[in-house]
Amino acid sequence: MLTERSNRVAAAIKLQRPAGRRHAARFLAEGPNLVESALRRGLVEEVFATEAAAHRFGDLLDGAPVHLITERASKALSDTVTPVGLVAVCRIPDVSLADVLMSPRLLAVAVETSDPGNAGTLIRLADAMGADAFIVSGDSVDPYNPKCLRASAGSIFSVPVISVPDTLALVSELVSAELVVMAATLDGESSLPDVDLAVSTAWLFGSEAHGLPAEVAAAADVRVTIPMAGSAESLNVAAAAAICLYQTARAQRGIPGEL
């Protein structure tokens, strides 16, 4: 029994690396909030918990397949400085681009986003604004990176999330699906208040450091800028995405009022 448990822990530790997650189509969810969200979604295969965590979160873990582990094993499985002793092995949802493009109204696409905190925040925004899916494209962070999971605050379990390696090919697919592809840029030819947002829309958001690649922005149907009355030169990607996604959701649902 101890050997089997050690083997399970060793297999789970491999999921801390992107290659291990891709190979196994599994990821680790750490902490009560993420584990509860994963359990609710039915994605949990097994849970590792210290004796203290199993007692503390007993109601949450009722009926779950729990393996008791040592504090040492908990630290080996954890990505945090002070582990709570609760980690679940979860299946990565089987969602394809074709599934996402069946009948979407609003998609959010993060292009070349390397920062897991930004990616997780964008996932949370996409969920909050009722997007049909969130797509990471190009050389972007793995959305199941532990820091990305935490930044999503559980939203990664509520909105379909997929990775697409070729951004230009993705844009072509979005256009073929009759979505209006809008690129959020600093120097767009269209101002956000002047754009028809009631149409089925896919928003492209670039990285914090470099914005959208020029060829990606050029491939979009329209390049949109957010007018600013103050002296700030730009917004960070999360702020820009929040404004764009909120205004689009409001227009599509016919919600009165201004931002």
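Two strands are taken to pair if DSSP finds at least two bridges between them. The model discussed here is a predicted one. With that criterion, Val 181 is placed opposite Ala 202 of strand S10, and S8 and S10 run parallel, joined by four bridges.

**The seven-stranded sheet**

S10 belongs to an open sheet of seven strands in the order S7-S6-S5-S10-S8-S11-S9, in which the pairing is parallel. The edges are formed by strand S7 (161–164) and strand S9 (190–191); each has a single partner strand, so one side of each is left without a neighbour in the sheet.

How many residues of S10 are buried? Five of its five residues are buried, and the strand is mostly covered. Both faces contribute: Thr 201, Trp 203 and Phe 205 are buried on one side, and Ala 202 and Leu 204 are buried on the other.

Helix H9 (residues 167–176) lies across S5, S6, S7, strand S8 (180–184) and strand S10 (201–205), and its direction makes about 170 degrees with S5.

**Two residues of this region**

Thr 167 is part of helix H9. Its side chain reaches the backbone nitrogen of Gly 138 at 3.4 Å. When neighbours within four places in sequence are left aside, Thr 167 is in contact with Val 111, Ser 137, Gly 138 and Val 216.

Val 161 is located in strand S7. Not counting residues up to four places away in sequence, Val 161 touches Ile 123, Phe 134, Pro 143, Tyr 144 and Ile 156. The C-alpha atoms of Val 161 and Phe 205 are separated by 15 Å, and the two residues lie 44 residues apart along the chain.

| Residue | Relative accessibility | Class |
|---|---|---|
| Thr 167 | 7% | buried |
| Val 161 | 9% | buried |
| Cys 90 | 0% | buried |
| Cys 148 | 0% | buried |

A second open sheet has four strands in the order S1-S4-S2-S3, with mixed pairing. S1 and strand S3 (66–69) stand at its edges with a single partner strand each, so one side of each has no neighbour in the sheet. From one strand to the next, the twist averages 25 degrees. S1 and S4 pair in the antiparallel sense over five bridges, and the bridge partner of Leu 28 in S4 is Val 89. H3 packs on this sheet and touches S1, S2 and S4; its direction makes about 35 degrees with that of S4.

Within helix H3 (residues 32–41), Leu 34, Val 35, Ser 37 and Ala 38 are buried. These residues lie on the same side of H3, because they cover an arc of only 160 degrees around the axis. An α-helix has 3.6 residues a turn, so residues three or four places apart point the same way. On the other side of H3, Asn 33 and Arg 40 are exposed. The partners of the buried residues are strand S1 (26–30), strand S2 (44–50), strand S4 (86–91) and helix H8 (146–152). H3 is followed by Gly 42, whose phi is positive, near 75 degrees.

Cys 90 is in no disulfide, and the nearest cysteine sulfur is that of Cys 148, 14 Å away. For Cys 148, the closest cysteine sulfur is likewise in Cys 90, and the 14 Å between them is too far for a bond.

Note on methods:
Residues are numbered from 1 along each chain as its sequence is written. This is a predicted model: local features need pLDDT of at least 70, side-chain atom pairs count only at pLDDT 80 or more; totals for chains, interfaces and linings use all residues. Side-chain values use heavy atoms; hydrogens and water are left out. Helices (H or I, at least four residues) and strands (E, at least two) are DSSP runs, numbered from the N terminus. Contact means heavy atoms within 4.5 Å. Axes are lines fitted to C-alpha atoms, for helices over the stretch in contact, and angles run from 0 to 180 degrees between N-to-C directions. Buried means under 20% relative accessible area, exposed over 50%, partly exposed in between (1.4 Å probe, protein chains only). A polar contact is a pair of N or O atoms within 3.5 Å; within protein, one must be able to donate a hydrogen and the other to accept it, and residues adjacent in sequence count only if both atoms are side-chain atoms. The arc is that of the directions from the helix axis to the C-beta atoms. A disulfide is a pair of cysteine sulfur atoms within 2.5 Å.
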